[in-house]
Amino acid sequence: MIGQLYAIVIDCPEPSELAEFYGELLSLSRLEDSREFVVLGNESGAPLVAFQRVHDFRPPQWSVPDHPQQMHVDVMVADLDVAEPRVLALGATLLDGSDKSVGYRVYADPVGHPFCLVTPPK
């Protein structure tokens, strides 16, 4: 095992508004709340659902390639430097601009979908 599902992160124009919808739909509470990023969760330790502002947001359209689906998976790992070579060996690619000094790194899966490896907050 490399890591565990930590969060699903959804791009949107207004994080607070979309978080309100999903909070009601999934019976989740706000754990973090800022203008740019809202995180929902519960006490059971289930994966988080997060919403991040995208300023030029174009809504996805089911099975229309010009309007792709806009979400990614965060995978919790104990150590980025240990997990990284393992995901690269599976076929992932470290994406340009992924700062190696922070608690997360952004990769693409073998067909280009982004995902993040994240470490626990300190």
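Keep in mind that the model is predicted.

Stay on Ser27 and look at the backbone. Its phi is near 55°. That is a positive value in a residue other than glycine. Ser27 sits in the loop between α1 and β2, the strand of residues 29-33.

Next, go to helix α1, which covers residues 15-26. Select Phe21, a residue of this helix. Is Phe21 buried, partly exposed or exposed? Its relative accessibility is 47%, so Phe21 counts as partly exposed.

Together, Phe21, Leu25 and Leu26 make a nonpolar surface patch. The patch has an area of about 300 Å².

Move on to Pro120. Find it in the segment after β8, the strand of residues 114-118. Pro120 has a relative accessible area of 39% and is partly exposed.

Which residues does Pro120 touch, not counting residues up to four places away in sequence? Show Met76 and Val77: Pro120 touches both.

For the last stop, keep Pro120 and select Arg58. The two are 62 residues apart along the chain. Draw a distance between their C-alpha atoms: the separation is 31 Å.

Definitions and conventions: Residues numbered from 1 in each chain as written. Predicted model: local features only at pLDDT ≥ 70, side-chain atom pairs only at ≥ 80, totals over all residues. Heavy atoms only, no water. Patch = residues over 30% accessible without salt bridge, like charges linked within 9 Å, V, L, I, M, F, W, Y side chains within 5 Å. Areas by Shrake-Rupley, 256 points an atom, 1.4 Å probe, with all protein chains shown as cover. Salt bridge = Lys/Arg side-chain N within 4 Å of Asp/Glu carboxyl O. Helix = DSSP H or I, 4+ residues; strand = E, 2+ residues; numbered from the N terminus. Buried < 20%, exposed > 50% of the residue type's maximum accessible area, 1.4 Å probe, protein only. Contact = heavy atoms within 4.5 Å.
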